[in-house]
Structure formats: C-alpha cells, structure tokens
Amino acid sequence: MLSPAPEEPLLLAELKPGRPHQFDWKSSCETWSVAFSPDGSWFAWSQGHCIVKLIPWPLEEQFIPKGFEAKSRSSKNDPKGRGSPKEKTLDCGQIVWGLAFSPWPSPPSRRLWARHHPQVPDVSCLILATGLNDGQIKIWEVQTGLLLLNLSGHQDVVRDLSFTPSGSLILVSASRDKTLRIWDLNKHGKQIQVLSGHLQWVYCCSISPDCSMLCSAAGEKSVFLWSMRSYTLIRKLEGHQSSVVSCDFSPDSALLVTASYDTNVIMWDPYTGERLRSLHHTQLDPAMDDSDVNISSLRSVCFSPEGLYLATVADDRLLRIWALELKTPVAFAPMTNGLCCTFFPHGGVIATGTRDGHVQFWTAPRVLSSLKHLCRKALRSFLTTYQVLALPIPKKMKEFLTYRTF
C-alpha cells in the first residue's frame, strides 16, 4: 500500500553570501556543495568567495517545520558543557568545490587529533574536508575551526569528496585531473591509492554505506564502480546517453542512482549491474524554450535517509521529490539555478545550493517506514543481491528484497 502523496516542499529558510561577488579570479559565487554532519549537528556551505560557512543545526526556531526535531548536538559536539556551538567561517584561500564531513572517529583515530591538540588527546572530534580549485584538500576540525591537514596530489579542481561511513577516516577525492585518490587520515593524510581510468573530469564520488563499493561519475556516459577493499574496477555501468554528473547509494547499499545531462536518473543494482528503472525529467513549463535540449539537464540526485525517496535538482528550475516505487515525481518546488541537494540525516529537510551562492532549506516528506521496508533495509545492509537470490525463500520475497517489484 502506497503512503499518501507528500505535500509540496515549503521553503523554510534561505541563506545568502555575506558579501557581494567580486569579479576576479580569486572568487566565485556558486554553491557547488552543501553537507550536513552525519549526526545532524552541523551544516556546511561552500558559499563562494573561497569561504565555507559552518553553521550549527538546527537553525533558529522560526525556520524549523512543525513536528521537526533535530537530534541533540550537545552530547558529542560539546562533551564538557562549554556552551552552544557557534557559527564558523573557514577561509580556504581557493574556490571551494567539494565538502565532506567525517563520521565520528573511532578511538584509534584520536592519535591524529592528539598530535595537533595535545591538551585534549582523549576527545575525538568531527572534521570537515574541503576540495579546492587548485587541487588541494584542506582538513578542518569543526568544533574549533582549526586547519589540521593539507593534502596535496591532485593536479586540478577537487570536485567531490566522500568519507567511508564506517569511521575509519578513509577519504576519497574526485578531481578534474580525471583521477580519484584515496587518503588515510589516520596516517596523517597519506595517499594510499590513485584510481585511473576516466577520460573526462570526475564530477562525483559516493561510497556505499557498507563501505564495500565506490561509485564515480565523470563527464562520460558510463559510471565506474570500484571495490573499496582492493581499489580495483568492478564494472562500468552503461545506459546514459550523456555525461553523468551525480550518484548516490541507498542507505542499505542495495541501490545506486545516477543522474545525467540526458535528463534521466537511472536506478541500478550495483551488485549485478542491472538497470532497474529510469526516471525521466520531462518539461513542465510550456513557456520555457523547448528548443534547448538541455533544459532539463540534471545537476544532483540524493537518497532520503530512510531510503524511500529521491530528490533531484535540474536546470528546468525545479526541485523534484520521487517515491521509490513510482515513475513520476510526487512533489515539486520551484528553485532557480540549482546545483546540488542533500537530505538532513534524520529526515524532514532538504538543503539545496544554487549558482548565485544561496542555500535553501525545504520541507521533505516524513514517512513512517513499513515493517516490510525496515526488514528489507536491515537484510540488505549485509546481504548482497546474489546472497538474497540464494536464500530458500519464495520468489516474490526475493523480488521484494532485491527491489524488483517496481
């Protein structure tokens, strides 16, 4: 039984850069990346002008939708009760393209922070990685705003960043130099692998929640799927008709979505490489010029935290919300010049970044997952598609568990 159609997303708040755009090589106004920390206590915004804003979450009360409750941030961000976290400004010195928060480090990871902060060696901390225009990656401590590490190796823009969700502090970077690089922050940012094979700029990288796979999307029609254990190419996913620019795994690692300039989102089974579904972004506004074939070019796609919805941002000035089992969007919101989108990790809010440097926060569907979906999500978190297919259970159950019941 399908849940009721969600209401149209409502704009909760909009943040704008604090100073006007300067038309020189040192500054750029685009918000290429937005990110929530995994515990939901911080929001990071590459607001242009070489600046990243770190904003404690939740925002002021009047911006929070009715019924929305953010997880407490005091227990981890402020373990000794030193007062509420304060907004921070990180001057990266270069245009910022990629952002990624770490999960909370496990105890062995504290050695790195102890080296920089010997006065508090027993306190683990949240970190933010920033990918810059000159190929550098700067690693910051969120609570203090201090620069911890500077990673060098890329020869061009670092377009995207992704931490392993396990907390091992392995960082993957994607660059316009056509490579992906693997860094171990437990070893002071040592570069442990370079992944080559893309022929165009790498736009996006995403690590599966079970930490077994890495997906990379470049200005090519195919998507690369890598093993996070051996750092070798598993397969190429073929199906798009134009450049793929965004990708994301479902929370249980059982699905992969990719978004392309061809106006389609494709849903894949990453284990088998099977194409499960395509979501086509049709033109809704007849007043817009139909002669522009790229009017619905996609910019970003992401899964909701419970895995039942997708959000997409396209050049046709719309934020779309999709239910996993339906082929047409269930809700729309008008937004101009959208570049990126991400869900709040505890649900209820979507953040979007725009070409003019703004960030917008929208209401997102809040759904109570069915027991069936919760069971599927739990099982698929540790069972591959092949393992599910080998189970001695009815065919219909296998189809449901492998998302073949669309």
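How much space lies in the largest pocket? About 1,400 Å³. A pocket here is an open set of points on a 1 Å grid over the protein atoms alone, with protein on both sides within 12 Å along at least five of seven lines, and lining residues have an atom within 4 Å of a point. Its volume is the space filled by probe spheres set on the points, which are joined across faces, edges and corners.

Please note that this is a predicted model, in which local features need pLDDT of at least 70 and side-chain atom pairs count only at pLDDT 80 or more, while totals for chains, interfaces and linings use all residues. Residues are numbered from 1 along each chain as its sequence is written, and side-chain values use heavy atoms, without hydrogens and water.

Of the 50 lining residues, Leu161, Ser162, Ser206, Asp248 and Thr342 are the closest to the centre of the pocket. Several strands (DSSP runs of E, at least two residues, numbered from the N terminus) supply at least two lining residues each, among them β10 (158–163), β14 (202–207) and β18. The most comes from β22, with 6 residues.

I turn now to β18 and its sheet. Four strands form an open sheet in the order β18-β19-β20-β21, with antiparallel pairing; two strands pair if DSSP finds at least two bridges between them. β18 (244–249) and β21 (274–280) are the edge strands, each with a single partner, so one side of each has no neighbour in the sheet. Within the sheet, β19 (residues 256–260) and β20 (residues 264–269) are joined in the antiparallel sense over 4 bridges. Alanine 259 has valine 265 in β20 as its bridge partner.

Conventions:
1 Å grid on protein atoms, 1.4 Å probe; cavity = no way out; pocket = protein on both sides within 12 Å on 5 of 7 lines; lining within 4 Å.
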